Amino acid sequence: MANKLFLDEIQYILKMLHFIFPAIHSWQIFLAVCCLPSLLSGACCMFFPESPKFLMAKGRNEQAMAVFRTLYALNTGCSREDYPIKELVDETAISSDETIQKDRKEVPQKAPAISGLRSFQDQMKSMFGKTHLKNSLMAYSIQFGILFGLNTFRLWVPQLFTIIQEYELDPTTFASDGSLCDMLAYKVNKSAVLQELERPYVA
C-alpha cells in the first residue's frame with residue numbers, strides 16, 4: 001500500500017509538470033530527477049577540503065593538519081585540539097632524498113604498466129589486510145547497494161509508470177483501486193493474452 005501511494009504521488013507530480021510544461025515528457029523529467037544526486041554531489045565536492053596526502057606532498061603541512069583535526073573532531077566528537085598528532089612529516093624532504101638515492105644507485109626503470117600494477121597490488125593488500133578488512137567490506141557493500149538500488153530504480157520506474165497508466169485507462173479496471181501487485185499481474189496477464197492472440201491458428 002505504501003509503495004502504491006509513493007508511486008501515485010510521483011505520478012501525480014509528473015502529470016502536473018507535464019500539464020504546466022506540455023513540451024516536456026515524463027521520461028525527461030524522470031531523467032532530470034535522477035541527475036540531481038550527481039549534480040548535488042559534484043557541487044558539494046567544490047566545498048570539500050584537499051586531501052591531507054596531497055597537501056603533505058606539496059609541503060602544506062599546516063593545512064593538512066587542519067584537515068586531520070577536522071576529521072578527528074567529526075569522527076570522535078572530541079575537540080580539534082585533542083588530536084594526538086602534533087606534527088607531520090615533511091614529505092617534500094623525504095621525496096627529494098629518495099630521488100637522490102635512486103639516482104646514485106641507478107636502479108633500472110621498470111615498465112610503466114608493470115610498475116602501475118605493482119603499486120595497485122601493494123595498495124590493495126593493505127585494504128584487505130586484517131586491520132582494514134572489515135571496513136573495506138562494509139564500504140564495498142554500501143557502494144554496491146547504492147549502485148544496485150539506483151540503477152534498478154532508474155530502469156524500472158518508467159516501466160511501472162506505464163503499467164499504472166495502462167491499468168487506470170483500461171475500462172475493465174478503471175473503477176478499481178488495485179495495488180501495485182494487481183497492476184503487475186494485470187500487465188503479465190495482458191501480455192499473455194496478446195501473445196495467445198498473435199499465435200498462428202492451426203486447424
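Modeller: Helices (H or I, at least four residues) and strands (E, at least two) are DSSP runs, numbered from the N terminus. This is a predicted model, where local features need pLDDT of at least 70, side-chain atom pairs count only at pLDDT 80 or more, and totals for chains, interfaces and linings use all residues. Residues are numbered from 1 along each chain as its sequence is written, and side-chain values use heavy atoms, with hydrogens and water left out.

Biologist: How far apart are the end C-alpha atoms of residues 137-157?

Modeller: The unreviewed UniProt entry lists residues 27-48 and 137-157 under "transmembrane region". UniProt positions are in the numbering used here, feature names are shortened, and annotations may be inferred rather than shown by experiment. In the model, residues 137-157 are 100% helix and 0% strand, and their end C-alpha atoms are apart by 29 Å.

Biologist: How many helices and strands does the protein chain have?

Modeller: Read from the N terminus, the elements run α-α-α-α-α-α-α-α. The count for the protein chain is therefore eight helices and zero strands.

Biologist: What percentage of the residues in the protein chain is buried?

Modeller: Buried means under 20% relative accessible area, exposed over 50%, and partly exposed in between (1.4 Å probe, protein chains only). Among the 203 residues of the protein chain, the buried share is 15%.

Biologist: Why does Asn61 count as buried?

Modeller: Asn61 is found in helix H4. Contact means heavy atoms within 4.5 Å, and, leaving aside neighbours within four places in sequence, Asn61 is in contact with Leu55, Met56, Leu88, Val89 and Asp90. Asn61 counts as buried because its relative accessibility is 18%.

Biologist: How far is Leu160 from Leu180 in space, C-alpha to C-alpha?

Modeller: Leu160 is found in helix H7, and it counts as buried because its relative accessibility is 17%. In sequence, Leu160 and Leu180 are 20 residues apart, while in space their C-alpha atoms are apart by 8.8 Å.

Biologist: Which helix gives the largest share of the nonpolar patch?

Modeller: Patches are made of residues with over 30% relative accessible area and no salt bridge; like charges are joined within 9 Å, and nonpolar side chains (Val, Leu, Ile, Met, Phe, Trp, Tyr) within 5 Å. A salt bridge is a side-chain nitrogen of Lys or Arg within 4 Å of a carboxyl oxygen of Asp or Glu. Met127, Phe128, Leu133, Leu137 and Tyr140 form the patch, with about 410 Å² of accessible area together (Shrake-Rupley method, 1.4 Å probe; for residues, only the protein chains shown count as cover). The largest share, three residues, comes from helix H7.

Biologist: Is Phe128 buried or partly exposed?

Modeller: Phe128 is found in the loop between helix H6 and H7. Because its relative accessibility is 40%, Phe128 counts as partly exposed.

Biologist: Which cysteine sulfur is nearest to that of Cys45?

Modeller: A disulfide is a pair of cysteine sulfur atoms within 2.5 Å, and the structure holds zero disulfides. Cys45 is in no disulfide; at 7.2 Å, the nearest cysteine sulfur is that of Cys44.

Biologist: With which residues is Cys78 in contact, leaving aside its neighbours within four places in sequence?

Modeller: The place of Cys78 is in the loop between helix H4 and helix H5. Cys78 is partly exposed because its relative accessible area is 34%. Its contacts, with those neighbours left aside, are Tyr72 and Ala73.
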